Amino acid sequence: MPKRRKSSAAWLREHFSDPYVQRAKAEGWRSRAVYKLEEIDERDRLLRPGLHLVDLGAAPGGWSQYAARKVGPEGRVVAFDLLPITPLPGVVCLQGDFREREALDAVTDALDGRAVDLVLSDMAPNTSGVEAVDQIRSLALAEAAEAFAIHALRPGGDFLVKLFQGPGFDDFVRRMRGHFGKVVVRKPKASRERSPEVYLLARNYAL
Ligand SMILES: C[S@@+](CC[C@H](N)C(=O)[O-])C[C@H]1O[C@@H](n2cnc3c(N)ncnc32)[C@H](O)[C@@H]1O
């Protein structure tokens with residue numbers, strides 16, 4: 001039998017009683033996801049003033065909000081999502097499906113053709129309720145982000161991508177090790193224990 005996820009009602013109950021959701025609301029962040037990026041950033045020193053970065057799967061905008069504060073006025077944040085993103089100071093917000101060719105063109109235009117220092121991808125599929133299906137969809141999104149990172153990063157640049165553990169995961173990590181100087185797996189505290197998601201941090205892109 002395929003493994004099924006929680007019902008919508010159970011998910012909503014869990015969501016609203018989640019301490020990270022409550023904290024994000026109190027602190028003015030757009031999503032609880034911000035605490036995942038914050039933890040990785042504090043541990044790995046990922047974001048710094050002046051960086052040019054792309055945030056894929058950015059809605060509602062917690063990561064972009066955090067990134068824009070860290071890179072400051074000399075930096076640039078381009079946020080991309082299937083869903084509209086309410087405008088954020090210091091962030092160029094774009095909408096579309098990242099698996100389509102036009103998405104690449106729109107992001108490349110927003111960067112004025114400049115190579116980027118960092119690609120973030122928190123893209124996640126709409127959950128089907130069937131873990132194996134969600135895992136395959138998550139891998140396809142991670143692969144689209146990987147193709148973009150390889151196309152857009154400057155040598156020495158970094159890539160942080162969400163991935164569900166399961167078939168294809170080890171191959172993905174192996175490929176990353178071929179392109180980047182260092183690859184580590186992170187599971188931040190704000191990432192639910194039962195969720196198969198982890199973050200792959202690939203540093204020092206080598207052409
Ligand atoms: C977990 S949410 C991202 C949360 C975000 N990092 C934040 O801090 O607010 C995942 C996002 O991936 C987006 N997404 C899924 N498939 C996509 C695709 N094909 N192209 C662009 N965005 C996609 C979803 O619309 C969703 O907003």
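**Reading the model**

Mentor: Let us begin with the ligand: 23 residues surround it, and the closest are Ser 31, Gly 57, Gly 62, Phe 98 and Asp 122. A residue is near a molecule if its C-beta atom, placed from the backbone, lies within 6 Å of it. This is a predicted model, in which local features need pLDDT of at least 70, side-chain atom pairs count only at pLDDT 80 or more, and totals for chains, interfaces and linings use all residues. Residues are numbered from 1 along each chain as its sequence is written.

Trainee: Which helix and which strand each supply at least two residues of the shell around the ligand?

Mentor: They are helix 4 (62–71) and strand 2 (76–81). Helices (H or I, at least four residues) and strands (E, at least two) are DSSP runs, numbered from the N terminus.

Trainee: Which residues of helix 6 are buried?

Mentor: A residue is buried if 20 or more other C-beta atoms lie within 10 Å of its own, exposed if 12 or fewer, and partly exposed in between, with C-beta atoms placed from the backbone. An α-helix has 3.6 residues a turn, so residues three or four places apart point the same way. In helix 6 the buried residues are Asp 134, Gln 135, Ser 138, Leu 141, Ala 142, Ala 145, Glu 146, Phe 148, Ala 149 and Ala 152. Seen down the axis, these buried residues fall within an arc of 165°, so they line one face of helix 6. The arc is that of the directions from the helix axis to the C-beta atoms.

Trainee: What covers the buried residues of helix 6?

Mentor: The cover includes strand 1 (52–56), helix 5 (101–110), strand 4 (116–121), strand 5 (153–164) and helix 7 (169–179).

Trainee: How many residues has the largest nonpolar core?

Mentor: In soluble globular proteins, nonpolar side chains tend to be buried together. A nonpolar core is a set of buried Ala, Val, Leu, Ile, Met, Phe, Trp, Tyr and Cys residues joined through C-beta atoms within 7 Å. Here the largest has 51 residues, and those with the most contacts inside it are Leu 53, Val 54, Val 119, Ala 145 and Phe 159.

Trainee: Is Ala 79 buried or exposed?

Mentor: Ala 79, whose place is in strand 2, counts as buried because it has 28 C-beta neighbours inside 10 Å.

Trainee: Where might the backbone deserve a second look?

Mentor: Most residues other than glycine have a negative phi, and most peptide bonds are trans. The bond from Ala 59 to Pro 60 is cis, with omega near 0°, and Pro 60 is in the loop between strand 1 and helix 4. Asp 112 is not a glycine, yet has a positive phi of about 55°. Asp 112 is in the loop between helix 5 and strand 4, and counts as exposed because it has 8 C-beta neighbours inside 10 Å. Asn 204, also not a glycine, has a positive phi of about 65°. Asn 204 lies in strand 7 (residues 197–205).

How values were computed: Two residues are in contact if their C-beta atoms, placed from the backbone, lie within 7 Å.
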